[in-house]
Amino acid sequence: MLGFLAARRAGVDDPLRLRRAESTRRVLSLTLNPDREVDRIHGNAINTIDIEVIEGRYMLSGGADGVIVVYDLENYSGKPQYTCKAVCTVGRSNRHVHKFSVETVQWYPHDTGMFVSSSFDKTMKVWDTETLKPAEVFEFEDNVYSHHLSPIARRHSLIAVGTKDPKIQLCDLKSGSRIQVLQGHRAEVLSVRWSPRYEHILATASADSKVKVWDVRRASGCLFTLDQHNGDKTKAASEAVNTAHNGRVNGLCFTADGLHLLTTGTDDRMRLWDSATGENTLVRATGENTLVNYGKVSNRSRKRLQFAVSRGCGPELVFVPCESSVAAYAVHTGELLTTLRGHYNNVDCCEFHPDYQELYTGGKDCNILAWIPVLRAADVEEESKSANQAAAAADPPLVNPAFRDAWSSDED
């Protein structure tokens, strides 16, 4: 650490190198912190959580009981031991509460005054955070598995919605109506995700074992369908052609730069795809399987699996729920770096906090756990300096006899 600081002070290294090195150290040292707790509000499984990116202060959670909770993650106590309090709740007594399980919650990317939730009660609600009342309600004919707002969009305000129907619905926040339908899947759509690099690019995952990438400006169908065999027909059975997994695909997540896409399936596999090989557009992308081997990634979820990718560190890590634990893999090598254990039942969702390199996980045990980096140990130079300062404080400096007088006592 002192070497990084010296190089930064001398102008030898880019300041971002120090930040990246410390972020990486913190992510690799994540552990369950006994001093950090999150209020237990949900009476049933926690399906989804989301942390807003404006201040990095508030966290949403949605549960199988239909309840939505907003937590304040800031510590104002001045003590290391504190509990993240629930600041407001859409509980069972609220007449606007979802009737059935909440599957996805998401903050509006540009303002904490609004968030969106979707549920098995066949509705998606746009909430006013201050009043906790829905400003808009979208109704569908089937259960809603997933929705997503683009984190970077400036030219549209579309929410992509995946339901039990194979058609992907695009809902417009400005007009409050469904304006477009994307057709191509043959089974329920379990997960949808906008690209963090291109605002019109959308990825969708379905129970038909396929992952499709769309440009929503085009009416001619999807750009391409991900193929686990990269077009090699000799390796694939006839029914496995153009499939991303050999089971239901229930998880999607882009890397922070949007150049790669991670998918998970009930075939106990996770795959990394090259989603942007073109220079400026995904139109020329091939969606190739990079063939990174993560080994067995246990996945029995019948619904969407929410996993997370770290940001600002190297190597990038992906945190994936695996039964009652969370596995952390190096994204580009597939190496299992650590396993986080603390839940008493299956983990359903996890969310990474890039500002503090923290991880929050929710599971069927009704708990949200906070995984916090271990504090950095003091360097040798710092320890010796602290020891010298402590010794100096304990033993007052000796006075040279030449400066002593004959009338003052030693106690003075």
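How many residues does the hairpin use to join strand 13 to strand 14? The hairpin that links strand 13 to strand 14 passes through four residues. This is a predicted model, in which local features need pLDDT of at least 70 and side-chain atom pairs count only at pLDDT 80 or more, whereas totals for chains, interfaces and linings use all residues. Residues are numbered from 1 along each chain as its sequence is written, and side-chain values use heavy atoms, with hydrogens and water left out.

- Strand 13 covers residues 158–163, where a strand is a DSSP run of E with at least two residues, numbered from the N terminus.
- Six of the six residues in strand 13 are buried, and buried means under 20% relative accessible area, with a 1.4 Å probe and protein chains only.
- Leu158, Ala160 and Gly162 lie on one side of strand 13 and Ile159, Val161 and Thr163 on the other, and both faces are covered.
- Strand 12 pairs with strand 13 in the antiparallel sense over five bridges, two strands being paired if DSSP finds at least two bridges between them; His148 has Ala160 as its bridge partner in strand 13.
- Strand 13 also runs antiparallel to strand 14 (residues 168–172), joined by four bridges, and Val161 stands opposite Gln169 there.

- An open sheet is formed by four strands in the order 3-4-5-7, with antiparallel pairing.
- Strand 3 and strand 7 (86–90) each have a single partner strand, so one side of each is left without a neighbour in the sheet.
- Strand 4 (residues 58–63) and strand 5 (residues 68–72) are joined by five bridges, and Met59 has Tyr71 as its bridge partner in strand 5.

**The largest pocket**

- The largest pocket holds about 820 Å³ of space; a pocket is an open set of points on a 1 Å grid over the protein atoms alone, where a 1.4 Å probe fits, with protein on both sides within 12 Å along at least five of seven lines, and its volume is the space filled by probe spheres set on the points.
- Of the 39 residues that line this pocket, Asp50, His148, Arg193, Arg311 and Glu351 are the closest to its centre, and lining residues have an atom within 4 Å of a point.
- Strand 3 (46–51) and strand 12 (144–149) are among the strands that each supply at least two residues of the lining.

**A buried loop residue**

- Asp268, in the loop between strand 21 (260–265) and strand 22 (269–274), is buried, with a relative accessible area of 8%.

Conventions:
Buried means under 20% relative accessible area, exposed over 50%, partly exposed in between (1.4 Å probe, protein chains only).
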